[in-house]
Amino acid sequence: AVTAGIDVIPACSLVARDSHSQNPVQLALQRAVSAAERGVSFSEALEKVGAEAGSPAIRHAFIHLGVAQRQGGELVRPLRELADATLLGYQ
């Protein structure tokens, strides 16, 4: 969604509401989007939910999302690099 030019918050909302899969990352993203809809800043919601996830990879991904939402900048490349590094760590 971000690659297609959608802003970070609407893109995360689309992913969070995708009914085809309900994985732990998507559920965490749903909590962050829900908190943002209740008035919490999106970057704060991402940081809090990411810290609660118990996974450094999820925490770092949510931090990247929060920074991109607050300050702009490229998002796709850093998240791909993070995913590759995480996969390498698990292997």
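Does glutamine 26 count as buried or exposed, and at what relative accessibility? At 4% relative accessibility, glutamine 26 is buried. Here, buried means under 20% relative accessible area, exposed over 50%, and partly exposed in between, with a 1.4 Å probe and protein chains only.

The model is predicted: local features need pLDDT of at least 70, side-chain atom pairs count only at pLDDT 80 or more, and totals for chains, interfaces and linings use all residues. Residues are numbered from 1 along each chain as its sequence is written, and side-chain values use heavy atoms, leaving out hydrogens and water.

**View 1. Glutamine 26 in helix H2.** Glutamine 26 lies in H2, residues 24–37. Helices are DSSP runs of H or I with at least four residues, numbered from the N terminus. The glutamine 26 side chain reaches the backbone oxygen of valine 15 at 2.7 Å. Such a polar contact pairs N or O atoms within 3.5 Å; within protein, one must be able to donate a hydrogen and the other to accept it, and residues adjacent in sequence count only if both atoms are side-chain atoms.

**View 2. Helix H2 and its ends.** H2 has 14 residues. From first C-alpha to last it reaches 20 Å, close to the 20 Å expected at 1.5 Å a residue. That expected span is 1.5 Å times one less than the number of residues. Buried in H2 are Gln26, Ala28, Leu29, Ala32, Val33 and Ala35. Their cover includes H1, H3 (42–52) and H4. Contact means heavy atoms within 4.5 Å. At the start of H2, a side-chain oxygen of asparagine 23 reaches to within 3.1 Å of the backbone nitrogen of valine 25. Just after H2, glycine 39 takes a positive phi of about 115 degrees.

**View 3. Helix H4 against helix H5.** H4 (residues 56–71) and H5 (residues 76–90) pack at an angle of about 175 degrees, their axes 10 Å apart. H4 is therefore roughly antiparallel to H5; the term applies to angles over 145 degrees. Axes are lines fitted to C-alpha atoms over the stretch in contact, and angles run from 0 to 180 degrees between N-to-C directions. From H4, Ala57, His60, Ala61, His64 and Leu65 meet Pro78, Leu79, Leu82 and Thr86 of H5. By class, this contact has six nonpolar, three polar and no charged residues.

**View 4. Isoleucine 6 before helix H1.** Isoleucine 6 sits in the segment before H1 (8–16). At a relative accessible area of 33%, isoleucine 6 is partly exposed. Leaving aside neighbours within four places in sequence, isoleucine 6 contacts Ala1, Ala11 and Leu14. Histidine 64 is 58 residues from isoleucine 6 along the chain, and their C-alpha atoms are separated by 16 Å.

How values were computed
Helices (H or I, at least four residues) and strands (E, at least two) are DSSP runs, numbered from the N terminus. Angles under 35 degrees count as roughly parallel, over 145 as roughly antiparallel, 65 to 115 as roughly perpendicular and the rest as oblique. Ala, Val, Leu, Ile, Met, Phe, Trp, Tyr, Cys and Pro count as nonpolar, Asp, Glu, Lys and Arg as charged, and the others, Gly among them, as polar.
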